[in-house]
Amino acid sequence: MKTPLLELNQISMTFGGLKAVNDLSFSVFPGEIVGLIGPNGAGKTTVFNCVTQFYKDYEGDVFFDGLKGKVDLRTIKVTDVIDQGLVRTFQNVELIPDLSIMNNLLIGAHKQFKSRLIDHLFNTKKARQEEARLSEKALEILTFLKIDHLKDFYVKGQPYGILKKIEIARTLMSDPKLIILDEPAAGLNDRETDELEALIYQIREKYQTTILLIEHDMGFVMNICDRVCAISFGKFLAMDTPAKIQKNALVQEAYLGKDD
Amino acid sequence: MTEFVRLFFNSLQTGSIFALAALGIVLIFRTSRTTNFAQGLIGTFNAYVAAYFLLRFGWNVWLVALIAIFTAFLTGVIIDTLIIRPAAKVNPISKQIVTLGIIMILVGLIPFFFGVQPLLFPSFIPSRFGIDILGATLRYNTVFIIVLSVALMGAMFWFIQYTRWGLATRVTASNETTSKLMGVPTKSVTMVSWATAAILGTLAALFVAPSVSVQPNMMLNVQLSAFFAGTLGGFSTFIGPVVGAYIIAFARNFTSFYISDIWGNVLVYSSILVFLYFKPYGLFGKKPTKKV
Amino acid sequence: MLTILDNFTKRVHGFFQGHVYRNYLLFGAAVMMIPLMHNFGIIGSGTLGIWAYIVIITVVALGLNILLGFSGLISLGTAGFVGAGALGTGVFLNMGLPFELAALLTILIAAAIGALIGFFSLRVEGIYLAIATLFVGEILRQIYTQIEIFGGQMINIGAIRFLGFFTLNANPPSERRFLFVIIVAVMVLMMIAMHHLVHSKTGRALLAMSRSQAAAQAMGVSILSYRLIAFVTATVFATVGGVLYAVYIQNAPTTAWTLDLSLFVIAMVVVGGFKSIYGTFLGAFIIHGIPNLILAELFGDVSYIFSGVLIIVVILFYPYGAIQVFYDVRKWFHKGRLKLTTKRSDRSA
């Protein structure tokens, strides 16, 4: 049996008496595409926020076997999570509207810049070379996503489908082992969704990465995921292949309500 | 003991004045989403109006105060209609600078209408009337200022809490777009807020006028203290700044008497900074929540 | 006619898009022409003084633009730091330190206070932070006016000895003009430094921090580090402005560093243009230059009214700053050109 890349061990998170996540455990293995599903308010984004250390006061442990070996993520600062090879997108696209698309990607490479403030003030050779090298990397990614022609445009004013792509492109800048996508297909039309599906496969191929995603579009999830984890009211329901999850009585009950 | 009593009543008086000004600032902050740096000068301008009528026509101080309150109401309405409403879509920082523009307009208007000399303004009740308490004189004017301010603020709180208009103000303060969609007349709410704030500022100006005389800088100290009061009490409630105002008045008066004028201020300001570090949203404020 | 227009727009466009050093140097050279006009008696020394103040305050406002435009933070304490620059230089010079050391020490001390505010800003935000910086400004002001080493009303500084060998005095006009050239040179250097800064990793991180804190953190931008960088840079710029004040005016008042000055500096950024370096200079010109060079001559005392109206009008019509005017003009040119070309092709068809 392979060792898991990401391991959630009895995670609980409480907001003022309300248990948003309740004793949740599951694992993600290298190379997998895993979906996390659940009805509205099931605590999916909360799980992501715990994993990426936006919330620190959860109970339980999250282990990640990333670029620097197996670590307890709680010991990692939220801004250092990316160094482990763990990077995420956001439910409501979080880009920098008044920067060009190229520059938005370069923010994803923030930690790879070794130049310092003093280099920047004087625009030293070191700073210039680094900027050029990482810009090239960004351009490569943009070309791969077929949005390289837009690189110098501001993010502000781009259509939603492009914004979603830029956010994914930004995650790729850090050579991630695990990409966490929060509702990547939300707001996309059918054609764009199909395109996204192909893109996620390609990313896994090309960047040898693992993907964990939240999505409400069940067709999309069932198509793309190797395994699906279903939760409801913060509690684990089942984790299995899409086909089996669809037939699972507990999952059906959570989505459709109980037959009396 | 005598000094203590004197300082106590003094602080109550300055606290009331700070509170009136602070309440005006918070009212505007919450309904128009801007820090109104012109609050002090709006008061000053209308205090000039009162002093002008008093000196020019020898009218009674109560009558000219009423006139000033009326012109304050007008100033508020005019500023809201001509300047603030067109600037509704402007970002919050630019909006603050719009209030700086208002300051400059008023600073330019004052010498144009009222000349460059400071004008004298008497207290509402002449300072010879008062009673002795433990050796200190408590002037009736002080009592009048405290009682009127507290009564006014009480009435305002009651109004905000229990009337339809008050409800409209509160919902506008909490979310203007939603309120507008729900049919709350947010435009009128903002206008009335500006008018009310102008009146509060004018009252504060009339109350400090006897001691500093009517001149463009008369409200500098009050305005700063009002901002500090808002921060100390928290801008998210109406009661917070009022409490903050009294605390600042007491702290400044007592430290400047028992320590020294300047170091007292430095001490009070520094302590408030330390306090803010531990309670970043003031005494009564709550942390706004944001979801990612 | 069309080709002239065409060439002109291309030139204007090229000037702003071309090599960064060339542009700032050309700009600096243009500003340095002003003392030449003074030399030939075209402008008086009062006017030269107003231009000098515009140059000095531009440096201050550039720093504030890093805070306001890029980092989404605000400071109402700017005046306190400009005062620190002027008074600190004065105090250290009067102690007998060489000018360069005096300036450096002043900047370091101010930067340390700036760093404290940066730490503070991690917990306190929005209007609370704004007013907290006002507290800092007020504390500084109280200290200036009350502590003896600041000389009560003002410190007399007198002639400045640069690099230990050449001395410049504010008094004979020839030396004053030379001082003007020096402060413009410093402004240009600060502009270039800021240009590099905002187009680097640091500039991007500052923007990320202000536009989406969550995304910034997920990408590894430490909010603490960049809050510190933002406040320290802004403070250093403001203090450098103060040092320039000491250099040019050669005395430093203790009472001038009030909230009003801080508000005016914010107004320069808002009116000139958020995030724009040339816009900041334009803002300084609109806020300080237009009232003092033009309006005061025309209207005297009531010129304040017009300045106030000017600020409000610019904000209402150019919410991203008056520098937009130039973009609009460029767009208008392009449109005109397009229209003319289509008309011509219509005719030929």
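The dialogue below goes through a few features of a predicted model, one at a time.

Biologist: Which conventions apply to the model and its numbering?

Modeller: This is a predicted model, in which local features need pLDDT of at least 70 and side-chain atom pairs count only at pLDDT 80 or more, while totals for chains, interfaces and linings use all residues. Residues are numbered from 1 along each chain as its sequence is written, chains are lettered from A and ligands numbered from 1 in the order in which they are written, and side-chain values use heavy atoms, with hydrogens and water left out.

Biologist: Which residues of the largest nonpolar core touch the most other members?

Modeller: A nonpolar core is a set of buried Ala, Val, Leu, Ile, Met, Phe, Trp, Tyr and Cys residues joined through side-chain atoms within 4.5 Å, where buried means under 20% relative accessible area, exposed over 50% and partly exposed in between, with a 1.4 Å probe and protein chains only. Here the largest core has 275 residues, and B:Phe121, C:Phe180 and C:Ile266 touch the most other members. Helix α3 (residues 45-70) of chain C gives the most to this core, with 17 residues; helices are DSSP runs of H or I with at least four residues, strands are runs of E with at least two, and both are numbered from the N terminus.

Biologist: How do helices α2 and α4 of chain B pack?

Modeller: Axes are lines fitted to C-alpha atoms, for helices over the stretch in contact (heavy atoms within 4.5 Å), and angles run from 0 to 180 degrees between N-to-C directions. In chain B, helix α2 (residues 39-57) and helix α4 (residues 92-114) pack at an angle of about 10 degrees, with their axes 10 Å apart. The two are therefore roughly parallel to each other, a term for angles under 35 degrees, whereas over 145 counts as roughly antiparallel, 65 to 115 as roughly perpendicular and the rest as oblique. Among the residues that make the contact are B:Phe45 and B:Tyr48 of α2(B) and B:Leu106 and B:Ile110 of α4(B).

Biologist: Is B:Ile262 buried or exposed?

Modeller: B:Ile262, which lies in helix α11 (residues 261-278) of chain B, is buried, with a relative accessible area of 13%. Leaving aside its neighbours within four places in sequence, B:Ile262 is in contact with C:Gln142 and C:Gln146.

Biologist: Where does C:Gly152 lie?

Modeller: C:Gly152 is in the loop between α6 (126-146) and β1 (154-156) of chain C, and this glycine is partly exposed, with a relative accessible area of 33%.
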